[in-house]
Structure formats: structure tokens, C-alpha cells
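Let's go through a few spots in this fold, one question at a time. Have the model open as you read.

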Amino acid sequence: MLLTEYRPFHVDRQLAESTLKENRPLTVKGVIQRAEAKNQNGRIYPKEILEREINKYIDGPVREKRALGELDHPESSVINLQNVSHNVTKVKMVGDDVYGEVEILPTPAGKILQALFASGITVGISSRGMGSVKEGHNGTVEVQDDFELLCFDFVSTPSTHGAFMTPVGRALQEGKIQVPEYKYINVNNIIRDIICDNTGMCKC
């Protein structure tokens with residue numbers, strides 16, 4: 001069965017907007033997965049299983065620069081290159097937490113993702129994998145040894161509790177931050193601006 005796990009992904013919207021305007025790549029980092037913690041679906045990933053799969057992910061897709069992910073979760077174990085939005089460039093496991101560094105790609109889906117970040121919209125980070133689960137106590141289910149990690153996707157589905165992601169090269173500061181007004185008031189405007197030129201003519 002297809003197993004997914006969600007986490008919140010918060011990015012400094014000022015930095016995201018500046019990279020969008022200047023046509024520069026955006027890279028974000030933070031916790032992307034956690035072992036031994038019950039998620040919103042009551043699912044628990046044992047540390048030894050998750051650590052094994054993270055090591056395989058580092059030695060394979062990450063090292064070979066093909067740790068791609070999509071914008072939104074497909075109901076498939078296959079990564080659709082037409083919908084790729086990002087590439088995971090670094091991953092490490094510290095305790096029960098999995099930390100990742102993610103580069104947003106200049107693809108159509110990647111530009112939409114970057115614009116969403118620039119508009120201050122919270123997007124979730126979600127692992128996608130294949131495997132089975134076994135029912136446990138108190139409504140929990142435990143991921144079994146046949147679990148195989150496939151990738152990490154960005155999604156709109158509500159996320160589980162966890163650490164927030166921050167842009168690389170700039171730390172988020174506590175306290176009130178003056179944020180300018182943004183022209184993007186909804187997702188439709190963001191998508192329209194990306195696929196249309198300044199004359200209002202759309203490329204689709």
C-alpha cells in the first residue's frame with residue numbers, strides 16, 4: 001500500500017518573494033520526517049526502519065542528484081517528471097528527526113511552489129513510500145519492515161505537528177516582522193501570473 005506522512009513547511013515569504021522576482025533558486029531546510037512519533041493517521045515509523053530507508057535514500061537518489069519530488073501527492077509510486085517541483089539535496093538523521101535541504105526547481109510546478117511560498121501560504125512536506133502496516137494499541141498502526149521510501153512531495157493536505165522549514169542563508173527571527181503587501185490573494189492568481197505574460201496573453 002502507498003504510505004504518506006505530512007509535515008508543515010513554513011518559509012520566510014520575503015526571501016521567497018525576492019528569489020521569485022530575481023529569478024533565483026530557492027532552497028529550504030528543516031525536519032522532513034520523524035521516527036517513533038504518532039502522526040495524524042495514527043501511524044508510527046519505527047526508528048530502525050526509517051533510518052535504514054533514509055540511508056538508502058542518501059546513498060541512492062540524493063547522491064545521484066535524482067531525489068525528485070512532486071507538487072501534490074499522486075496516487076502512484078511513480079514520480080511523474082512533468083509534475084516535479086523540487087530536488088532534495090541533503091538529508092541526515094539526528095535522533096528521531098530527519099532533516100532535509102530542498103532546492104525548488106525552475107519547472108512549472110516548482111515556480112508555482114515558489115510563488116506559494118512567496119505569498120505566505122503554508123505547504124506541507126510529505127514522504128511517499130510503499131509498505132504494509134500492523135495495528136497496535138490505542139488506535140495506532142506501525143509501519144512494517146517491508147517499507148520502502150520513495151520520495152518527498154509538497155502537499156496542501158493539513159500536516160502533523162513538527163519542526164518548521166526555513167530558507168537556507170537566512171534565519172527566521174522571533175518577534176514581529178514587517179511584511180509588505182502581496183498581490184497574490186489566492187492560488188488561481190498565482191498560477192495565472194506564472195503562465196501569462198505581461199500583456200495578459202497566456203501561454204497555455
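Q: Where is aspartate 72 found?
A: First, a caveat: this is a predicted model, where local features need pLDDT of at least 70, side-chain atom pairs count only at pLDDT 80 or more, and totals for chains, interfaces and linings use all residues. Residues are numbered from 1 along each chain as its sequence is written, and side-chain values use heavy atoms, with hydrogens and water left out. Strands (E, at least two residues) and helices (H or I, at least four) are DSSP runs numbered from the N terminus. As for aspartate 72, look in the loop between E4 and E5.

Q: What is the phi of aspartate 72?
A: Most residues other than glycine have a negative phi. Aspartate 72 isn't a glycine, yet its phi is positive, near 85°.

Q: Is lysine 65 buried or exposed?
A: Lysine 65 sits in the loop between H2 and strand E4 (68–70), with a positive phi of about 55°. Buried means under 20% relative accessible area, exposed over 50%, partly exposed in between (1.4 Å probe, protein chains only). At a relative accessible area of 70%, lysine 65 is exposed.

Q: How many residues of H3 are buried?
A: H3 is mostly covered. Among its buried residues are Ile112, Leu113 and Phe117.

Q: Which residues have the most contacts inside the largest nonpolar core?
A: A nonpolar core is a set of buried Ala, Val, Leu, Ile, Met, Phe, Trp, Tyr and Cys residues joined through side-chain atoms within 4.5 Å. The largest one here has 29 residues. Those with the most contacts inside it are Tyr57 and Phe154.
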